[in-house]
Structures are given as structure tokens and as C-alpha cells.
Amino acid sequence: MTHRWADEVAARVRGHDRDDRRVAERPDLRRAAVAVVVLDDPERGPGVLLTRRTSKLRDHPGQFALPGGSVDPGEDTVTAARRELDEELGLALGPDAVLGLLDDYPTRSGFVITPVVMAAPGAVGDLVPSPDEVSELFHITFDELDVEPRYLTIEESPRPVVQMPLVGHYIHAPTGAVLLQFREVALHGRTTRVDGLEQPVFAWR
């Protein structure tokens with residue numbers, strides 16, 4: 001990232017990580033990490049990468065997701081996010097690409113997800129998604145990401161279900177919650193919590 005907006009985004013994410021990040025102390029849940037990758041595509045401009053999982057996967061098939069997965073033994077969350085990004089999209093980034101972490105998000109399926117924000121060079125067309133894990137790859141520009149979420153009420157929980165209207169669909173938590181917080185922190189410099197936002201019932205398993 002070389003433009004002025006890049007410096008602002010990097011500073012806001014680093015400041016949130018340093019001063020405002022909320023850590024979930026949940027030893028009963030497994031650790032996972034996702035990569036929020038900021039890529040300044042030569043044609044589309046700056047945006048973040050989003051995938052759709054293949055229908056062949058055991059966990060959450062066909063759902064929209066950020067590149068990521070479980071933290072392996074001996075790994076930290078940053079290392080796990082970088083590894084998963086390489087495995088899913090063929091994008092190998094070093095530690096210097098990491099801008100910072102967003103808030104942990106405890107999921108209904110038994111994980112605490114740590115979002116790792118990274119800056120990547122190159123173009124979307126240069127990426128090589130793994131056909132075993134990714135059915136579609138999207139690049140959501142900052143303008144496209146800067147939309148208002150929708151909140152639903154469900155009988156099963158007192159917490160509102162969040163939906164982000166993106167890529168012609170409604171993206172639910174945890175992915176929708178992470179993207180919402182990235183929008184708030186990185187684009188607007190606002191400390192907005194999302195761990196109180198609910199997932200749809202179909203994602204509880």
C-alpha cells in the first residue's frame with residue numbers, strides 16, 4: 001500500500017490493536033484465525049478479499065468466509081492466518097505485511113476467531129484459489145464495503161443477527177461481523193464492538 005489512504009488505514013488498525021482490541025478469554029473454545037487482506041487492485045482500487053467455501057468442505061460448506069482456519073499446535077494466530085491465506089489463495093505474505101488484529105469473535109460452533117489484518121501487493125487476477133477449499137473469490141472495494149448492515153431479531157437469541165449486504169448476498173457473522181468492524185475501524189476510525197452480534201441459527205453447528 002503506497003497511497004495516503006493506506007497510511008491512514010494502517011495507522012487506525014495498529015492503533016486499535018494497541019489500544020482498543022478486545023480479547024476473548026475463552027479457554028473452553030478452540031482458537032482460529034482469519035485473514036482480512038487489504039489488496040489495492042490496479043483496476044478496482046483498494047478492497048478486501050472474501051471467499052466462498054466449496055460445497056465439498058465438511059464445515060460450513062458453501063458459506064462466505066475470510067481465508068482462515070484453526071490455529072495449529074505451536075502456532076500463534078498471526079502465523080495461522082498467514083498459513084491459511086497461502087493454502088487457500090496461494091498468497092504468501094511475510095510478518096511485515098501484518099497491520100494488526102481486530103477484536104476476537106467467539107462463535108457458536110466452538111471457536112474464538114482472531115482477525116488478522118494484512119496488506120498485500122498485486123492484483124486479484126494473480127491469485128490462485130485452491131479448488132479444494134474455495135469456489136469463488138471476491139474483491140470488495142472500500143466503497144462497496146462502506147454499507148450499512150441489517151439487523152434481524154430471532155427467537156433463539158436476545159442478540160441481533162447481523163447481515164452485511166455485499167456481493168449480492170447478505171453476509172452473516174462471524175464473517176459479516178469482522179467485515180463490519182474492519183469498516184468501522186479502518187475506514188472511519190471508530191471503535192465499534194461486534195462480539196455482541198449474533199450468528200444465524202444455521203451457523204451454530
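This report describes selected strands, a helix, nonpolar cores and several individual residues of a predicted model.

## Basis of the description

Residues are numbered from 1 along each chain as its sequence is written, and side-chain values rest on heavy atoms, with hydrogens and water left out. Because the model is predicted, local features need pLDDT of at least 70 and side-chain atom pairs count only at pLDDT 80 or more, whereas totals for chains, interfaces and linings use all residues.

Helices (H or I, at least four residues) and strands (E, at least two) are DSSP runs, numbered from the N terminus.

Strand β10 comprises residues 157-166 and pairs with β9 in the antiparallel sense over 4 bridges. Ile-154 has Ser-157 of β10 as its bridge partner.

Helix α4 (residues 175-188) has 14 residues, which should span 20 Å at 1.5 Å a residue; the end C-alpha atoms are 19 Å apart, in agreement. The expected span is 1.5 Å times one less than the number of residues. Of the 14 residues of α4, 13 are buried, so the helix is largely enclosed by the rest of the structure. Buried means under 20% relative accessible area, exposed over 50%, and partly exposed in between (1.4 Å probe, protein chains only).

Pro-174 lies in the loop between β11 and α4, and the peptide bond that joins Ala-173 to Pro-174 is cis, with omega near 10°. After α4 comes Gly-189, with a positive phi near 65°.

## Nonpolar cores

A nonpolar core is a set of buried Ala, Val, Leu, Ile, Met, Phe, Trp, Tyr and Cys residues joined through side-chain atoms within 4.5 Å. The largest such core has 37 residues, of which Val-48, Leu-50, Val-117, Leu-145 and Phe-182 touch the most other members. Elements that each supply at least two residues include α1 (4-20), β1 (30-41), β2 (45-53) and β8 (134-141). Helix α4 gives the most to this core, with 8 residues. A second, separate core of 21 residues includes Ala-80, Leu-89, Val-98 and Val-116.

Contact means heavy atoms within 4.5 Å. Leaving aside neighbours within four places in sequence, Leu-50 is in contact with residues including Phe-64, Leu-137, Val-167, Ile-171 and Leu-179.

## Individual residues

Thr-114 belongs to strand β7 (residues 111-120) and counts as buried because its relative accessibility is 6%. Its side chain forms a polar contact of 2.8 Å with that of Asp-104. A polar contact is a pair of N or O atoms within 3.5 Å; within protein, one must be able to donate a hydrogen and the other to accept it, and residues adjacent in sequence count only if both atoms are side-chain atoms.

Val-167 sits in the loop between β10 and β11 and has a positive phi of about 45° although it is not a glycine. Most residues other than glycine have a negative phi. Val-167 is partly exposed, at 32% relative accessibility. Arg-205, in the segment after α4, counts as exposed at 69%. Arg-205 and Val-167 are 38 residues apart in sequence and 24 Å apart in space, C-alpha to C-alpha.

Key
Pairing = 2+ DSSP bridges.
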